[in-house]
Number of protein chains: 2
Amino acid sequence: VSRATRFLDACARRPTDCTPVWLMRQAGRYQASYRAVRQGRSFLELCETPELAAQVTVSAVEELGVDAAIIFSDILIAAQAMGAPVEITDQGPVLASPLRDAAAVDALHVPDPTTAAPTLLEAVRVARRALDGRVPLIGFAGAPLTLASYLVEGGNSKSYAQLKALLFGQPEIAHRLLDKLARTVSALLRAQIAAGCQAVQLFDSWAGILGPADYRAFALPYLKRIVDDLAGLGVPRILFATSCATLLDVMRESGADVISVDWRIEIDEARRRLGDGVALQGNLDPGCLFLPPLALEARVAELLGRVPRTGHVFNLGHGVLPGTPEESVRRLVQAVHRLSAVGP
Amino acid sequence: VSRATRFLDACARRPTDCTPVWLMRQAGRYQASYRAVRQGRSFLELCETPELAAQVTVSAVEELGVDAAIIFSDILIAAQAMGAPVEITDQGPVLASPLRDAAAVDALHVPDPTTAAPTLLEAVRVARRALDGRVPLIGFAGAPLTLASYLVEGGNSKSYAQLKALLFGQPEIAHRLLDKLARTVSALLRAQIAAGCQAVQLFDSWAGILGPADYRAFALPYLKRIVDDLAGLGVPRILFATSCATLLDVMRESGADVISVDWRIEIDEARRRLGDGVALQGNLDPGCLFLPPLALEARVAELLGRVPRTGHVFNLGHGVLPGTPEESVRRLVQAVHRLSAVGP
């Protein structure tokens with residue numbers, strides 16, 4: 001019973017029997033079972049086959065013992081649905097036609113997710129049934145700024161020169177793009193909740209593109225709008241951002257229920273700066289999963305010791321890395337449960 | 001006369017007539033003159049032709065009106081000199097044989113820069129003569145952690161999974177690599193100083209790979225050793241790191257004379273956390289060079305207003321971005337000089 005509610009209780013800052021844990025990218029190619037399902041299929045084929053997407057979603061929970069499932073999908077499903085074709089390669093996502101001008105932005109549409117992302121929503125329904133109440137299911141989407149970076153750069157970037165040229169050089173077009181992305185993301189998260197998701201996470205994976213003042217100008221209004229739009233649905237809204245050490249005030253103002261922080265800030269420092277009115281998720285460096293067992297356990301104990309148990313969801317500071325030993329992930333989950341069940 | 005000493009005075013926290021300014025990657029492909037010199041040559045060919053490397057170094061100073069020159073080179077020259085062949089492609093550097101085990105680390109040697117990097121040192125001598133005392137010449141090297149990331153990942157990386165596997169999984173080998181890199185970097189910077197460089201900058205461009213505690217463990221000892229080794233030579237030692245908001249204490253402990261910060265932290269916050277015993281360099285988001293003239297000027301005024309003039313070297317938070325308008329860079333330099341000459 002406690003495993004079924006632990007994660008949602010922590011999100012709502014209610015007491016728990018131990019600290020709940022799940023991991024970003026907990027279903028992925030570091031797992032043998034995932035690789036078996038992926039064999040002979042592209043990443044997007046897997047995302048778009050509801051039974052299989054649900055299967056890898058649920059397998060991760062069963063294999064790892066985590067306290068939440070997250071639907072297997074990709075943030076760029078939203079871009080696809082808006083009319084920007086995406087290919088996921090081993091080097092990352094590639095967009096055939098990066099957006100560079102007003103016409104390209106105007107050509108994007110704000111889709112109805114029930115017709116534009118039906119396989120994702122079906123995967124949510126299948127996964128929710130298969131989980132059968134054992135743990136809650138998290139839905140997700142990319143945050144507008146991060147989605148914009150992929151759309152404008154055409155993939156991953158080292159410098160984000162194209163995106164910055166748009167944001168700073170043509171802010172009106174940039175805001176038009178961000179507005180469309182915010183509406184798309186809102187609708188997509190609402191649809192995932194309607195299909196059965198019990199929490200949602202916004203991934204602002206490239207938040208560090210911008211300094212605090214620009215993040216406030218180009219990210220906050222859209223984050224706030226999405227968070228507001230999902231108010232009253234009874235699901236916790238989690239906001240994740242990397243390089244967030246100087247963005248915590250802005251993240252807090254978004255109104256999100258849970259702030260998910262990366263490893264670049266000590267979690268107690270994040271707790272102190274965020275105040276008590278919000279739950280905190282994070283923030284072990286995913287590289288720690290390469291540590292030997294005892295050293296990993298010491299890191300977990302150290303992290304747990306830095307913050308009160310109530311209102312803390314244990315997670316990594318970013319996704320599980322390729323090549324991570326599966327055994328190490330299982331050990332991590334067990335260590336979080338065991339070490340947090342003792343003491344206050 | 002004041003242009004000749006402005007930069008070194010600011011590094012030493014002596015009063016200046018206005019705030020000195022130079023820009024990381026001020027010589028680069030955003031410039032027509034640079035593209036003309038590069039035509040028909042690879043990036044490394046340009047680095048390794050002393051007359052041409054000196055020419056682009058000096059042209060940037062003449063075209064932009066900046067207060068310091070930085071020798072045109074690449075941080076991976078050090079890797080080449082250690083026996084790890086590098087190719088610089090449009091997508092970034094590529095190392096033919098990424099280091100993954102103890103044998104590969106042991107095969108690297110700590111080179112004598114006078115025989116291993118003679119063209120770099122000759123470029124320093126030629127540039128120094130051509131500058132003729134107009135502005136000081138800065139030498140540089142990659143910081144050990146950043147060099148290790150290229151050597152282990154084999155190029156740029158999104159997740160640094162290979163490097164983290166080494167640091168966390170095989171720390172003894174990692175420290176052996178970092179030790180060799182520190183010795184190489186020390187010798188390379190000493191040689192550049194002997195050849196005529198009047199300041200040196202360590203680029204820890206991927207410092208954000210690690211959280212504060214791990215940065216302390218894997219970066220600080222080596223930064224400190226390099227900074228100590230260059231003490232008493234009469235040249236300011238500048239330490240640059242990205243995602244540095246939570247690393248400032250550690251950077252301060254390195255003993256560097258100047259701390260160069262990226263745009264992810266407000267500069268007055270950095271000033272406050274670093275205290276008064278060190279000069280500060282930075283930190284305009286390079287994307288701001290895409291702003292229209294008046295908006296750019298407003299950003300410059302805003303940044304200058306956040307910190308006292310003494311002990312501040314104006315720079316970007318990272319290198320000039322590809323596609324940056326040249327006119328905008330010239331305007332930035334003029335604005336820094338004009339706006340900082342007024343007031344305290």
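## Basis of the model

This is a predicted model, in which local features need pLDDT of at least 70, side-chain atom pairs count only at pLDDT 80 or more, and totals for chains, interfaces and linings use all residues. Residues are numbered from 1 along each chain as its sequence is written, chains are lettered from A and ligands numbered from 1 in the order in which they are written, and side-chain values use heavy atoms, with hydrogens and water left out.

## Where chain B meets chain A

Chain B gives 34 residues to the contact, and chain A gives 34 residues. Contact here means heavy atoms within 4.5 Å. The area buried between the two chains is about 2700 Å². Buried area is the accessible area (1.4 Å probe) that two parts lose on being put together, summed over both. Carbon and sulfur atoms give 56% of that area. K158(B), F168(B) and R264(B) supply 21% of the area that chain B buries against chain A, more than any other three residues.

Polar contacts are also present: 12 residue pairs between chain B and chain A, both at pLDDT 80 or more. A polar contact is a pair of N or O atoms within 3.5 Å; within protein, one must be able to donate a hydrogen and the other to accept it, and residues adjacent in sequence count only if both atoms are side-chain atoms. On the side of chain B that touches chain A, α10 (161-169) and α12 (212-218) of chain B each supply at least two residues. Helix α10(B) gives the most, with 5 residues. Helices (H or I, at least four residues) and strands (E, at least two) are DSSP runs, numbered from the N terminus. By class, this side of chain B has 18 nonpolar, 8 polar and 8 charged residues. Ala, Val, Leu, Ile, Met, Phe, Trp, Tyr, Cys and Pro count as nonpolar, Asp, Glu, Lys and Arg as charged, and the others, Gly among them, as polar.

## Salt bridges between the chains

The rule finds 4 salt bridges across the interface of chain B and chain A. A salt bridge is a side-chain nitrogen of Lys or Arg within 4 Å of a carboxyl oxygen of Asp or Glu. One joins K164(B) to D285(A), with the closest N and O atoms 2.7 Å apart.

R299(B) and D214(A) also meet in a salt bridge, at 2.7 Å from N to O. This pair runs from helix α16 (residues 293-306) of chain B to helix α12 (residues 212-218) of chain A. R299(B) is partly exposed, at 23% relative accessibility. D214(A) is buried, at 7%. Buried means under 20% relative accessible area, exposed over 50%, and partly exposed in between (1.4 Å probe, protein chains only).

## Salt bridges within a chain

Over all chains, the whole structure has 44 salt bridges. R6(A) forms one with D17(A), the closest N and O atoms being 2.9 Å apart. This pair links distant parts of the chain: R6(A) sits in helix α1 (residues 2-11) of chain A, and D17(A) in the loop between α1 and α2 (32-38), 11 residues apart. R6(A) is buried at 9% relative accessibility, while D17(A) is partly exposed at 36%.

In chain B, R183(B) forms a salt bridge with D179(B), at 3.1 Å between the closest N and O atoms. Both lie in helix α11 (residues 171-195) of chain B, 4 residues apart, about one turn of the helix. In chain A, E266(A), D268(A), E302(A) and R306(A) are linked in a network of salt bridges.

## The sheet of chain A

Chain A has an open sheet of 7 strands in the order β1-β4-β5-β6-β7-β8-β9, with parallel pairing. Two strands pair if DSSP finds at least two bridges between them. The edge strands are β1 and β9 (312-316), and each pairs on one side only. Strands β7 (residues 258-261) and β8 (residues 279-284) of chain A pair over 3 bridges. V258(A) has A279(A) in β8(A) as its bridge partner.

## Backbone details

The peptide bond from G282(A) to N283(A) is cis, with omega near -10 degrees. N283(A) is in strand β8 of chain A. In chain B, the bond from G282(B) to N283(B) is cis, with omega near -5 degrees.

Y160(A) has a phi near 55 degrees, a positive value in a residue other than glycine. Y160(A) lies in the loop between α9 (144-153) and α10 (161-169) of chain A, and is buried at 12% relative accessible area.
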